[in-house]
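Have the structure open while you go through them.

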Amino acid sequence: SPDGAHIATASRDKSARIWSTRVDADVATLSGHEDAIYSLARSPDGERAVTVSADTTARVWDLDSGELLATLRGHERAIKTAEFSPDGARVVTGSRDQTARIWDAHTGELLHTLAGHEGRLYTTAFSPDGARVATASGDDTARLWDARTGRHLTTLHLHENRIYALRYSPDGALIATASGDGTARVWDANTGEPIAALRGHEAPLYCVDFSPDGGRVATAGRDRSVRVWDAATGESLATLRGHEDIIFAVAFSPDGARVATASEDKTARIWDANTGALVATLRGHASGLIDLAYDPLGELLATASTDNTARVWDAATGEQLALLSGHSGELTALAFAPDGSSVTTTSLDSSAMVWDPRTGARLVELRDRVGLRQADGSIRWPTPPRELTRIACQRLARLGGDDPEVAELCAPLLPGGT
């Protein structure tokens, strides 16, 4: 580095590392993911996030400091999905290795391996009470598991193609699935018995969401339409048309009055959930949209795009409020904090970032970071630049020399300096 405080090295082991030039400094390199990040979830208290990657690991991060808290290792192929339990104590992950795994979110210990699917997993979900886990797979089935023991409870097996999306209703009584067979289905979450078949789409479905009261289901996918259904009867309540390409995400507003959609046609749209009327079209992204989310109050809507950016919009008017620009690869997912104070994004550039949704300021970047190990074994995180410079100056003092520029820089940082 220009001030001599660091040396950076790049290796065939797929990492870059930053080192202190001080001889006796024990510097910890906290490495991040080594491949694309596919998804993330935030803990219920908003203080942590779990990211999952093609590098076969999941990682748990402190969102205040960016510190890596735990690395979850055990999957044999790329991990596609993850979720915290409602109490934040556990994480469930789903992988292309055809298994889901439940982990201790604090220690990273593997608690249970959920094996039985015969295809890659596309989504996983804890029940609202944390007692069960649901998994959806490319083998055309969803499965329900006891989250405490890992025991398989029942299989949902009426779909005729892979299941891309799955959601619990807010009260945990129902599960909705969306499939490549062009149908969605609603199931009893306790028994696994089918309740309603949602038929009407003409192509694979990629996303599904329950209304906040659990009475309606919204579905969307390749046929470019959105449909709202009665969750109990399967009756079609509204069909929303206007997108010009595949729809990858759908979400009810927190009050249930509106539905938002994100599409490959470079737009997001906001609809009246009761009448199907188009309320606003959100334009500005230069490429397709892959994900969206409302903030908890329903005032903001965030969208993530393959143009490497996320954007935050006024959910009532559709006005753009902030551009979240900093990733060097396509975005893959985003999530608001439970209090709406920040939004986290993940990207194919192997990083995750935390932003202020109203100003667009980047708050934390979750990638390789450097901390100094203290005498008691703890890591000072992150190390202030002034401290790193002081360490470099101590090293240079031992080497001797009379460089006036170095003397001027280091004098205030060494013993006896002012």
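1. Terms first: I call two strands paired if DSSP finds at least two bridges between them. Helices (H or I, at least four residues) and strands (E, at least two) are DSSP runs, numbered from the N terminus. With that in hand, β4 and strand β5 (residues 48-53) are paired antiparallel, with five bridges. Within this pair, Ser39 sits opposite Val52 in β5.

2. A word on what we're looking at. This is a predicted model, so local features need pLDDT of at least 70 and side-chain atom pairs count only at pLDDT 80 or more, while totals for chains, interfaces and linings use all residues. Residues are numbered from 1 along each chain as its sequence is written, and side-chain values use heavy atoms, with hydrogens and water left out.

3. How far does the confidence go? The predictor's confidence in each residue is pLDDT, on a scale from 0 to 100. The protein chain averages 88, and 83% of the residues score at least 70. Residues 23-31 are a stretch to watch: pLDDT stays under 50 there, though the model still has 28 contacts beyond four places in sequence for them; contact means heavy atoms within 4.5 Å. Where pLDDT is low, the predicted coordinates should not be read in detail.

4. The overall picture: the protein chain has 37 strands and two helices. Of its 418 residues, 55% count as buried, where buried means under 20% relative accessible area, exposed over 50%, and partly exposed in between (1.4 Å probe, protein chains only). Among contacts in the protein chain with a separation of 6 or more, 41% join residues 24 or more positions apart. The accessible surface is about 17700 Å², with 45% of that belonging to carbon and sulfur atoms; these areas come from the Shrake-Rupley method with a 1.4 Å probe, and for residues only the protein chains shown count as cover.

5. Back to the sheet that holds β4 and β5. Four strands make up an open antiparallel sheet, in the order β4-β5-β6-β7. The edge positions go to β4 (37-42) and β7 (68-72); each has a single partner strand, so one side of each is left without a neighbour in the sheet. On average, neighbouring strands here are turned by 20° against each other, direction ignored (axes are lines fitted to C-alpha atoms, for helices over the stretch in contact, and angles run from 0 to 180 degrees between N-to-C directions).

6. Which residues does Thr81 touch beyond its neighbours within four places in sequence? The list is Ser39, Val52, Val92, Thr93, Gly94, Tyr122, Thr123 and Thr124. Thr81 lies in strand β8 (residues 79-84) and is buried, at 7% relative accessibility. Its C-alpha is separated by 8.8 Å from that of Ser53, 28 residues apart along the chain.

7. Please check two backbone spots. Thr56, in the loop between β5 and β6 (58-62), has a positive phi of about 75° although it is not a glycine. Thr56 is partly exposed at 23%. Asp140, which is not a glycine either, also has a positive phi of about 75°. Asp140 belongs to the loop between β13 (132-137) and β14 (142-146), and is partly exposed at 24%.

8. Last, a hairpin. Strands β22 (residues 226-230) and β23 (residues 236-240) pair antiparallel over four bridges, with Trp229 bridged to Ser236 in β23. Five residues separate the two strands, and Gly234 in the turn has a positive phi of about 80°.
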